[in-house]
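Subject: Handover of a structure, with notes

Dear colleague,

Please find the structure below, followed by an account of what was found in it.

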Amino acid sequence: MSTPQTWHYGLVAEWWAEFNTDGPEVDYFGRFVEQGQPALDAGCGAGRLLLPWLHAGYDVDGCDVSADMIELCRARARREGLDPTLLVQALHELDPPRRYRTIVACGVLGLGSSRPQDQEALRRFHTWLEPDGTLLFDNQVPYGPQMRWSLWPKEERARLPEAWPTAGTRRRAGDGSEYELRSRAVSVDPLDQSVLLELRAEKWRDGVLVAAEEHPLTMRGYLRDELLLMLDRAGFHSVDVRGDYTGEAPTPDHEFLVYRARP
Ligand SMILES: C[S@@+](CC[C@H](N)C(=O)[O-])C[C@H]1O[C@@H](n2cnc3c(N)ncnc32)[C@H](O)[C@@H]1O
């Protein structure tokens with residue numbers, strides 16, 4: 001199986017480490033981690049969830065397919081006096097040093113991977129959970145804004161790739177340098193239920209462009225009942241689904257569904 005192709009490298013990894021440092025997911029998933037340790041933050045990225053959980057005293061390991069994200073996570077952990085076990089591993093190749101009572105995969109499933117890899121990732125989660133353990137993951141619904149649902153019909157797909165937007169999202173980092181991200185949809189494959197996006201990242205210092213990169217990313221959208229079948233096939237027979245990070249029963253208006261599955 002090929003390595004999942006995500007855009008979380010280089011400047012994009014720096015963006016994540018610099019600007020994506022909080023959000024409702026930290027406390028929402030953290031409550032489950034508090035009650036079930038040791039835990040694995042699968043697809044931990046630069047440590048947005050992992051590092052607050054370590055500071056809270058939880059016993060948590062992390063893994064991610066991107067060595068750049070893991071390196072930035074490790075560097076921040078060391079700066080903050082922490083030394084977690086961090087693995088560079090794709091979810092479908094998960095092979096950690098111990099079993100867990102909680103595995104959290106936040107913002108990861110369906111990114112850059114193939115459908116068989118996603119199924120294998122769920123199977124590995126099952127393998128690496130204790131019998132009384134809990135798997136938690138979120139998944140952006142395919143009809144949500146990121147998945148470009150409106151581009152799925154044939155006549156809309158014919159207009160792709162989109163032109164690059166003239167301006168993107170620009171932010172100033174702690175060291176004074178500025179980062180800008182722009183994204184566009186390149187293609188949509190309704191049979192694979194995936195959209196291919198490209199991200200252009202630029203870094204500026206004192207008004208001078210010092211680095212520019214482009215990275216691709218595929219995102220696969222899963223409908224709820226499809227994921228329930230995949231979870232069942234992976235050995236999870238008790239599954240609860242909630243909307244966003246609220247604990248509410250899911251409605252058609254929730255953008256993220258959160259799955260809580262037990263073996
Ligand atoms: C949207 S970020 C989320 C990071 C972190 N979970 C958070 O919530 O801050 C997605 C992360 O998943 C990683 N990733 C994507 N596909 C992966 C895969 N198949 N296996 C492991 N990590 C993956 C990326 O490298 C990236 O760090």
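**Cysteines**

The structure holds zero disulfides, a disulfide being a pair of cysteine sulfur atoms within 2.5 Å. Cys63 takes part in none, and the nearest cysteine sulfur, that of Cys44, is 6.4 Å away. For Cys73 the closest cysteine sulfur is also in Cys44, at 4.7 Å, which is too far for a bond. As background, a disulfide is a covalent bond between the sulfur atoms of two cysteines. Cys63 is buried, at 0% relative accessibility; here buried means under 20% relative accessible area, exposed over 50%, and partly exposed in between (1.4 Å probe, protein chains only). Cys73 is likewise buried, at 0%.

**How the model was read**

This is a predicted model, in which local features need pLDDT of at least 70 and side-chain atom pairs count only at pLDDT 80 or more, while totals for chains, interfaces and linings use all residues. Residues are numbered from 1 along each chain as its sequence is written, and side-chain values use heavy atoms, with hydrogens and water left out.

Helices (H or I, at least four residues) and strands (E, at least two) are DSSP runs, numbered from the N terminus. Two strands pair if DSSP finds at least two bridges between them.

Strand β1 (residues 39–42) is joined to β2 (residues 60–64) by four bridges, and the two run parallel. In this pair, Ala39 stands opposite Val60. Both faces of β1 are covered, with Ala39 and Asp41 buried on one side and Leu40 and Ala42 on the other. In general, side chains in a regular strand alternate between the two faces of the sheet.

Strand β7 (residues 178–189) is largely enclosed by the rest of the structure, because nine of its twelve residues are buried. β6 and β7 form a hairpin with five residues between them, where Gly176 has a positive phi of about 95°. The hairpin of β7 and β8 has four residues between the strands, and Gln193 in its turn has a positive phi of about 60°.

In α1, the residues Leu11, Val12, Ala13, Trp15 and Phe19 are buried. The buried residues of α1 pack against α4 (67–79), β6, β7, β8 and β9 (208–220), where contact means heavy atoms within 4.5 Å.

**Salt bridges**

The whole structure contains 22 salt bridges, each a side-chain nitrogen of Lys or Arg within 4 Å of a carboxyl oxygen of Asp or Glu. In one of them, Arg123 meets Glu120, with the closest N and O atoms 2.9 Å apart. These two residues are separated by about one helical turn, because they are three residues apart in helix α5 (residues 115–128).

Another salt bridge joins Arg220 and Asp192 (3.1 Å, N to O). Arg220 lies in β9 and Asp192 in the loop between β7 and β8, so the pair ties together parts that are 28 residues apart in sequence. Arg220 is buried at 5%, whereas Asp192 is partly exposed at 25%. Salt bridges that share partners also join Arg170, Glu178, Glu180, Arg182 and Glu202 into one network.

Yours sincerely
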